[in-house]
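Colleague: Could you walk me through this structure, please? I would like to learn how to read a feature step by step.

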Amino acid sequence: MIMTTPLQPKEVTVGVVGLGLMGCSITTCLLMSGHRVIAIAPIPADMTTAIPRITHHLQRSKEEGLIDRSPEEVLKGLTLSEDYGQLAPCALVLECTLENLEIKRAVYEKIEAVIRPDAWLTSNTSAIPISILQSLTKHPERFFGLHWMEPSHTTRFLEIICGEKSDVAEAEKLYELSHLWSKEPTLVRKDIRGFITNRLMYAMYREGFNLVENGYATVEDVDRACRNVAGYWMTLVGPFRWMDLTGVPAYHTVMKDLFPTLSNRTDVPELIDKIVREGGRGVANAHGFYEYTEEEAKLWEETYTEFSYEIRKLALKYPADVVKKKIEKHGK
Ligand SMILES: NC(=O)c1ccc[n+]([C@@H]2O[C@H](COP(=O)([O-])OP(=O)(O)OC[C@H]3O[C@@H](n4cnc5c(N)ncnc54)[C@H](O)[C@@H]3O)[C@@H](O)[C@H]2O)c1
């Protein structure tokens with residue numbers, strides 16, 4: 001990709017393929033950032049659900065002060081189509097379809113038949129190694145993971161992941177561009193299953209299952225502990241800064257005795273297996289680790305949306321370089 005720096009969103013047309021939960025919030029983020037977005041609906045249902053979902057995100061974003069322009073004005077940057085041919089002018093394409101290798105393979109074939117050989121092709125996969133996905137493409141060197149967190153238009157998380165065959169210099173350009181999307185992005189130069197975040201999160205999920213299945217805690221106990229411990233500091237700092245803040249030697253002492261007792265199981269726990277066998281999807285169908293009435297399930301979804309706008313405001317007050325900024329301010 002030949003580009004002049006600094007990059008301007010309006011110069012970069014972006015394609016989004018797959019308009020489910022994440023495709024819609026990612027499209028919202030890109031539109032709010034000023035990109036022209038060509039959104040492709042791989043299944044007919046997306047053609048009817050995508051615009052109302054994106055409009056809803058934009059309306060709420062306007063109410064919360066995330067955008068100055070009206071939702072109608074922002075939506076003018078969007079083209080919605082079932083025709084992959086529309087992707088031809090895109091410099092960047094994001095695949096956001098189901099976590100299924102065969103579906104992604106078929107989608108890449110259609111995208112690559114249309115886009116320029118130097119356009120970036122990316123996947124929002126949660127955990128399929130990028131080296132595996134890029135082996136399905138004709139030009140693996142321009143293929144990267146672009147991993148977002150729901151709701152993508154409010155969260156500051158973004159991972160850009162290289163596979164074995166990715167061109168790291170191109171990933172650096174993509175990383176630079178992603179700073180224009182109100183993110184604190186991370187460039188993962190070396191591919192690993194689960195990338196950074198899901199490795200950390202799944203280590204925690206595994207220990208949660210271990211505590212519950214072995215009778216040390218209930219699901220509620222685990223949730224309460226996480227909300228009131230990690231939940232209290234994690235928007236400000238990560239685990240390493242947290243250890244610095246609270247005294248490194250104590251962690252050193254605890255690790256010696258505690259690490260050998262932590263779960264290192266490699267199978268899927270029965271607790272989650274049973275829910276999935278029964279068709280449970282969580283609040284989406286009111287059956288998960290907790291049982292919900294339909295009203296409760298809907299209210300949990302709404303409450304999470306409300307919370308994501310609130311925590312965004314707090315997070316913006318505490319960027320990664322918060323202390324550096326304070327020193328600069330005091331120095332003046
Ligand atoms: N949900 C999350 O919080 C989250 C977080 C990070 C990454 N992801 C990843 O993002 C991707 C999409 O997840 P989602 O939560 O938006 O899923 P979703 O179920 O809401 O949407 C799936 C979309 O996939 C597409 N699709 C479905 N069947 C298809 C087919 N046969 N052929 C082509 N496309 C088809 C459609 O556009 C559909 O709307 C997945 O790879 C997922 O692992 C999800």
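**Around the ligand**

Modeller: Gladly! A polar side-chain atom of Ser 126 sits 2.6 Å from an oxygen atom of the ligand. Keep in mind as we go that this is a predicted model.

Colleague: What other distances are there between an oxygen atom of the ligand and the protein, for example at Asp 46?

Modeller: For Asp 46, an N or O atom of the side chain is 2.4 Å from a ligand oxygen atom. Leu 21 takes part through its backbone instead: a polar backbone atom there is 2.8 Å from an oxygen atom of the ligand. N or O atoms within 3.5 Å count as a polar contact.

Colleague: How much of the ligand's accessible area does the protein cover?

Modeller: On its own, the ligand has 830 Å² of accessible area, and the protein covers 73% of that.

Colleague: Which elements give two or more residues to the shell around the ligand?

Modeller: They are helix H1 (21–32), helix H4 (101–112) and E6. H4 gives the most, with three residues.

Colleague: And how many residues surround the ligand, and which are the closest?

Modeller: There are 21 residues around the ligand, and the closest are Leu 21, Met 22, Asp 46, Glu 99 and Ser 126. By type, the shell divides into 10 nonpolar, seven polar and four charged residues.

**Aromatic pairs**

Colleague: How do I read a pair of aromatic rings?

Modeller: Two values describe such a pair: the distance of the centres and the angle of the planes. Here, a search of the whole structure finds six aromatic pairs. One of them joins Trp 148 and Trp 181, which are stacked, with 5.4 Å from centre to centre and 15° between the planes.

Colleague: Where in the chain do Trp 148 and Trp 181 lie?

Modeller: They link distant parts of the chain, 33 residues apart. Trp 148 belongs to strand E6 (residues 143–148), while Trp 181 is in the loop between helix H6 (168–178) and strand E8 (184–188).

Colleague: Are Trp 148 and Trp 181 buried or exposed?

Modeller: Both Trp 148 and Trp 181 are buried. Now try another pair: the ring centres of Tyr 202 and Tyr 205 are 4.8 Å apart.

Colleague: Why is the pair of Tyr 202 and Tyr 205 called edge-to-face?

Modeller: Look at the angle: planes over 60 degrees apart count as edge-to-face. The planes of Tyr 202 and Tyr 205 are at 75°, so this pair is edge-to-face. Tyr 202 and Tyr 205 are three residues apart in helix H7 (residues 197–213), so about one helical turn separates them. Tyr 202 counts as exposed because its relative accessibility is 52%, and Tyr 205, at 38%, counts as partly exposed.

**Backbone details**

Colleague: What should I look for in the backbone angles?

Modeller: Start with omega at the peptide bond between Glu 150 and Pro 151: its value is about -10°, and the bond is cis. Pro 151 lies in the loop between E6 and strand E7 (157–162).

Colleague: Is Ser 182 buried or exposed, and what about Phe 195?

Modeller: Ser 182 has a relative accessible area of 54%, so this residue is exposed. Phe 195 is at 1% relative accessibility and therefore counts as buried.

Conventions
Residues are numbered from 1 along each chain as its sequence is written. This is a predicted model: local features need pLDDT of at least 70, side-chain atom pairs count only at pLDDT 80 or more; totals for chains, interfaces and linings use all residues. Side-chain values use heavy atoms; hydrogens and water are left out. Rings of Phe, Tyr and Trp (its six-membered ring) pair if their centres lie within 6.5 Å; planes under 30 degrees apart count as stacked, over 60 as edge-to-face and the rest as tilted. Helices (H or I, at least four residues) and strands (E, at least two) are DSSP runs, numbered from the N terminus. Buried means under 20% relative accessible area, exposed over 50%, partly exposed in between (1.4 Å probe, protein chains only). A residue is near a molecule or strand if one of its heavy atoms lies within 4 Å of it. A polar contact is a pair of N or O atoms within 3.5 Å; within protein, one must be able to donate a hydrogen and the other to accept it, and residues adjacent in sequence count only if both atoms are side-chain atoms. Accessible areas come from the Shrake-Rupley method with a 1.4 Å probe; for residues, only the protein chains shown count as cover. Ala, Val, Leu, Ile, Met, Phe, Trp, Tyr, Cys and Pro count as nonpolar, Asp, Glu, Lys and Arg as charged, and the others, Gly among them, as polar.
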